[in-house]
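Thank you for making the time this morning.

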2 protein chains.
Amino acid sequence: MRAVEHYLDQVKSDIDALLDSLIPAEDIEPQSLHAAMRWSLFAGGKRIRPAIVLAVGEALGGSRAELMSTAAAIEMVHTYSLIHDDLPSMDNDDLRRGKPSCHRQFGEATAILAGDVLQTQAFKTIAEDGLLTADVRIKLISLLAAASGSPGGMASGQQLDLAAEGNVVPLEEIERIHQQKTGALISAAASAGTMIAKGTDEEFTAIDKYAKKLGLLFQITDDLLDVTQGSLELGKTAGKDASANKATYPTHLGIEGTRELAKKVRDQAINTLAPLKGDSEILSGLAMFVVSRTN
Amino acid sequence: MRAVEHYLDQVKSDIDALLDSLIPAEDIEPQSLHAAMRWSLFAGGKRIRPAIVLAVGEALGGSRAELMSTAAAIEMVHTYSLIHDDLPSMDNDDLRRGKPSCHRQFGEATAILAGDVLQTQAFKTIAEDGLLTADVRIKLISLLAAASGSPGGMASGQQLDLAAEGNVVPLEEIERIHQQKTGALISAAASAGTMIAKGTDEEFTAIDKYAKKLGLLFQITDDLLDVTQGSLELGKTAGKDASANKATYPTHLGIEGTRELAKKVRDQAINTLAPLKGDSEILSGLAMFVVSRTN
């Protein structure tokens, strides 16, 4: 546990420094647009997705330098999705990571544009990486686009999620929605790490299974946090799922049943790592870390 | 004039067929998201930006097949920007190309996501082109991202435009805003054509000058159409600039003065083509076509 926390701290500091260099400064015009991008990007995210890129890549013998810009790009896509999901016409959330959400602070128009430009900047960042071959960069861009678009990606998951709101939805359908909305980008982070580290087919398969379990674990624990924590601890409006009549794990399995499921999925995630030859301590630590948030 | 109109018709039919194959069908889930993307993409746009990619590339000896997916990608970015610009928090336009705008037809949340996914799909399309080398694809993605992002790109132009609304803005500032909001993507279309056709430095410079004049011409004629046409002819809400107190060419120069300026800029655009060895008839025809819309 200590090892993964130390790793996450280090990744956060490396990634934050890189993001700071990749996003236009607040004194460059249009100032409010760049301020809005930075507001959300530097709101205190734990950089879990970048950590997945780095931890997978490093477990397979890749170099951190080669992994960095893709890790930063995936965080930009994640942040763009948070900004747009918080908008009044979407989840209408006033609070994000303990601060006013982007549109509450800068207005809706600027928030929409800030999300748009973060997406643009993500693809630009990979395209302009100086260490990866053009061939690898092209594959990474294609991977990231598939994971964040539609069908089957993050945006289609958000669309399905909005459509499901207020309806009674079976558990398999919830899992399918979450797999797209949250899981696809986590899987892309893991695949990107494998790709950059030139993993074997066997490693690719093992890591892909790991990422799918980790993505599921994220959603289960997010659902749990929504019902067990207050808005202050959560940093965003708590109890929103229940008030939106949203289909969640706790509504289907209860709080204790959901905790049990989280532990089961965590163990499954760790077991998928068995075929890897390298040191996968950080990868299993990540699965433990995700569950530990809910204790 | 006949030649360029025939060319535009042919480009539209080729590009529409390609776009149809690149955008998920309406019966693929989430149906409403894909329907919204198609609603705006196939609303009857003239495909001027794709035509610029093709006309520049073909004038420099490039093959149409190699130019097609970049042309389609630029049209996706243009359409994403129209969808987001029409949103209530932005220009709040109910009408686009004679039909309800995307958010009026599908709701705001779906419209935001449709724009998001069109952007994603644009980069994916270039990344997955099977005819261009990885190296060229990377350069095209970087070019398109710079032209559509911020600072200096389409999104920053929209941000500056929103900030200028209701203010008295000098003509140079209007030009600067338009150069980013409209001009940057038109310049990128022309540069992409040059890049794919492997143009010389001299050709690159000439085409870049041409594109800057063409972009300016677009804005001047758009401003003119906003005051001289009704909503029905225009296909979008007419007189919006005046009612929004927006700084435009006609408010500074009057209608006749703006018509004169359009003709002057058209002639300048055509003159920039003098250094080109190939057949630039379609390129000069495009400049004439843009102005002819206002007669």
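**Two chains and their axis**

Chain B is superposed on chain A by a rotation of 180 degrees with 0.0 Å of shift along its axis, at an RMSD of 0.0 Å, the superposition being by least squares on the C-alpha atoms of residues with pLDDT of at least 70 in both copies. That is the relation of a two-fold axis, and in chain B the C-alpha nearest to that axis belongs to B:Ala134, 2.7 Å from it. The two copies use the same surface, in that 100% of the contact residues of chain B recur in chain A, where contact means heavy atoms within 4.5 Å.

Before I go on, a word on conventions. This is a predicted model, in which local features need pLDDT of at least 70 and side-chain atom pairs count only at pLDDT 80 or more, while totals for chains, interfaces and linings use all residues. Residues are numbered from 1 along each chain as its sequence is written, chains are lettered from A and ligands numbered from 1 in the order in which they are written, and side-chain values use heavy atoms, with hydrogens and water left out.

How many residues take part in the contact between the chains? There are 45 residues of chain B in contact with 45 residues of chain A. The area buried between them is about 3700 Å², of which carbon and sulfur atoms give 67%; buried area here is the accessible area, with a 1.4 Å probe, that two parts lose on being put together, summed over both. Of the area that chain B buries against chain A, 16% is supplied by B:Leu113, B:Ile138 and B:Gln159, more than by any other three residues.

**Helices**

Helix α2 of chain A, residues 31-41, is largely enclosed by the rest of the structure, because eight of its eleven residues are buried, buried meaning under 20% relative accessible area, exposed over 50%, and partly exposed in between, with a 1.4 Å probe and protein chains only. Among the buried residues of α2(A) are A:Leu33, A:Met37 and A:Leu41. The buried residues of α2(A) pack against α1, α4, α5 and α6 of chain A, together with α8 (154-164) of chain B.

In chain B, helices α10 (residues 201-228) and α13 (residues 249-271) pack at an angle of about 145 degrees, with their axes 9 Å apart; the axes are lines fitted to C-alpha atoms over the stretch in contact, and angles run from 0 to 180 degrees between N-to-C directions. The residues of this contact divide into 13 nonpolar, five polar and four charged, where Ala, Val, Leu, Ile, Met, Phe, Trp, Tyr, Cys and Pro count as nonpolar, Asp, Glu, Lys and Arg as charged, and the others, Gly among them, as polar.

**Individual residues**

B:Ser101, in the loop between β2 and α5 of chain B, counts as buried at 1% relative accessibility, and its contacts beyond four places in sequence include B:Trp39, B:Asp86 and B:Arg96. B:Thr194, in helix α9 of chain B, is buried at 2% and, leaving aside neighbours within four places in sequence, is in contact with residues including B:Val56, B:Leu60 and B:Phe204.

**Backbone**

Most residues other than glycine have a negative phi, and most peptide bonds are trans. The peptide bond from A:Ser150 to A:Pro151 is cis, with omega near 0 degrees, and the bond from B:Ser150 to B:Pro151 is likewise cis. A:Pro151 is in the loop between α7 and α8 of chain A.

B:Arg47, which is not a glycine, has a positive phi of about 60 degrees; B:Arg47 sits in the loop between α2 and α3 of chain B and is buried, at 1%. B:Arg97 has a positive phi of about 50 degrees, lies in the loop between β1 and β2 of chain B, and is partly exposed, at 26%.

Key:
Helices (H or I, at least four residues) and strands (E, at least two) are DSSP runs, numbered from the N terminus.
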